[in-house]
Amino acid sequence: MAVAVIALAAAGCGKSSTEANSGSDKGSSSGYSGKGIGLAYDIGGKGDQSFNDAAYAGFQKAEKELKIGGRDIEPQDGESDADKVQRLETLAKSGYNPVIGVGFAYAPAVKQVAVKYPKVTFGIIDDNTIQSKNVADMVFHEEQSSYLAGVAAAKTTKKNHIGFIGGVDIPLIHKFEAGFLQGAKSVNPNVKIESQYLTQTPQEGGFSSPDKGKDAANGQIEAGADVIYQAAGLSGQGVIQAAAAHKVWAIGVDSDQYEQSALAQYKDYILGSALKNVGGAVYELSKSVVEGKPLSGEQRGDLKSGGVGFADSNPKYKAMTDVVAAVEKAKQDIIDGKITVNTK
């Protein structure tokens with residue numbers, strides 16, 4: 001896992017992964033006076049090769065292209081909302097702007113801390129319930145990219161049998177499942193689909209337990225599935241490992257998992273990935289703050305805007321011209337409004 005030098009931050013704030021110098025020709029010339037971007041990770045932390053790492057990619061891009069500093073902080077196991085509040089307050093109080101909570105679990109903390117620091121712009125990923133002038137709700141049409149994953153899976157399977165593994169049984173992950181099922185059945189209404197959630201709550205480790213993902217995938221493969229799509233954060237690494245061990249296909253999520261170095265030994269079995277441009281959202285919010293025009297309110301990414309998509313990095317996938325054509329047609333039909341994707 002890609003982990004930078006670790007230093008313990010203030011009690012209750014988790015581990016501070018990186019802290020870059022703020023120094024900023026761009027920042028100072030535009031009137032930006034913050035120390036840079038503050039990023040607080042979700043369950044699983046940096047190194048999940050998926051959701052959190054997508055946010056980290058945006059963090060790195062903001063530091064480099066906007067010439068600003070940054071600090072990102074890891075979560076703690078079994079932490080409370082109070083821990084998240086303290087983490088966000090530490091970043092805001094230290095002068096970071098924007099301050100971004102990666103994941104819906106930060107909603108209560110963002111709502112509480114944003115009121116205390118009205119001059120700081122806050123962002124939250126995967127939640128749109130906070131209505132405040134200094135909060136940007138960064139959400140996505142995950143069901144659209146999942147539909148493409150379903151099309152790819154149904155076109156690729158040799159056994160007419162595929163699988164879905166969700167990390168936690170919650171509405172957000174139901175969107176991934178709904179899109180996947182609809183996309184697969186658009187290709188073959190009779191395709192057999194295994195569907196499973198690892199846990200009922202995030203606290204039980206559904207997004208942070210590769211062993212749970214591996215066990216679930218092994219079960220689905222033994223049942224006959226030969227393409228498995230996972231929306232399970234760090235747990236998804238176990239799904240990919242199991243798929244590679246059995247020489248069947250896995251479909252990644254959020255980041256282009258074929259390109260993740262920590263998954264390099266399994267990449268030949270990663271068909272593609274349903275992308276969610278979390279990194280782009282992190283970067284755009286940072287850019288808006290640096291330029292003095294901070295985004296606020298709901299910011300939703302879809303296929304048309306490039307906020308979601310399907311990665312085609314694997315040459316083996318690109319060689320399946322009929323699969324690629326079907327996915328591209330589905331993508332265009334969704335953009336054109338010919339297909340409305342289910343969210344439940």
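Which residue in strand 9 is the bridge partner of Ile165? In strand 9, that partner is Gln196.

This report describes a predicted model, in which local features need pLDDT of at least 70, side-chain atom pairs count only at pLDDT 80 or more, and totals for chains, interfaces and linings use all residues. Residues are numbered from 1 along each chain as its sequence is written, and side-chain values use heavy atoms, with hydrogens and water left out.

**The sheet**

Helices (H or I, at least four residues) and strands (E, at least two) are DSSP runs numbered from the N terminus. Two strands pair if DSSP finds at least two bridges between them. An open sheet contains 6 strands in the order 9-8-10-11-12-14, and its pairing is mixed. Strand 9 and strand 14 each have a single partner strand, so one side of each is left without a neighbour in the sheet. On average, neighbouring strands are turned by 15° against each other, direction ignored. Strand 8 and strand 9 pair in the parallel sense over 7 bridges.

Helix 7 packs on this sheet and touches strand 8, strand 9 and strand 10; contact means heavy atoms within 4.5 Å. The direction of helix 7 makes about 160° with that of strand 9, where axes are lines fitted to C-alpha atoms, for helices over the stretch in contact, and angles run from 0 to 180 degrees between N-to-C directions.

| Element | Residues |
|---|---|
| Strand 8 | residues 161–168 |
| Strand 9 | residues 192–199 |
| Helix 7 | residues 210–223 |
| Strand 10 | residues 227–231 |
| Strand 14 | residues 308–311 |

**Core and aromatic residues**

A nonpolar core is a set of buried Ala, Val, Leu, Ile, Met, Phe, Trp, Tyr and Cys residues joined through side-chain atoms within 4.5 Å. Buried means under 20% relative accessible area, exposed over 50%, and partly exposed in between (1.4 Å probe, protein chains only). The largest nonpolar core has 63 residues, and Ile125, Ile173 and Tyr229 have the most contacts inside it. Beyond residues up to four places away in sequence, Ile173 touches several residues, including Phe164 and Tyr197.

Both Phe164 and Tyr197 are buried. Their ring centres are 6.0 Å apart and their planes stand at 70°, so the pair is edge-to-face; rings of Phe, Tyr and Trp (its six-membered ring) pair with centres within 6.5 Å, and planes under 30 degrees apart count as stacked, over 60 as edge-to-face and the rest as tilted. Phe164 lies in strand 8 and Tyr197 in strand 9, 33 residues apart. Together with Phe180 and Tyr229, these two residues form one aromatic cluster.
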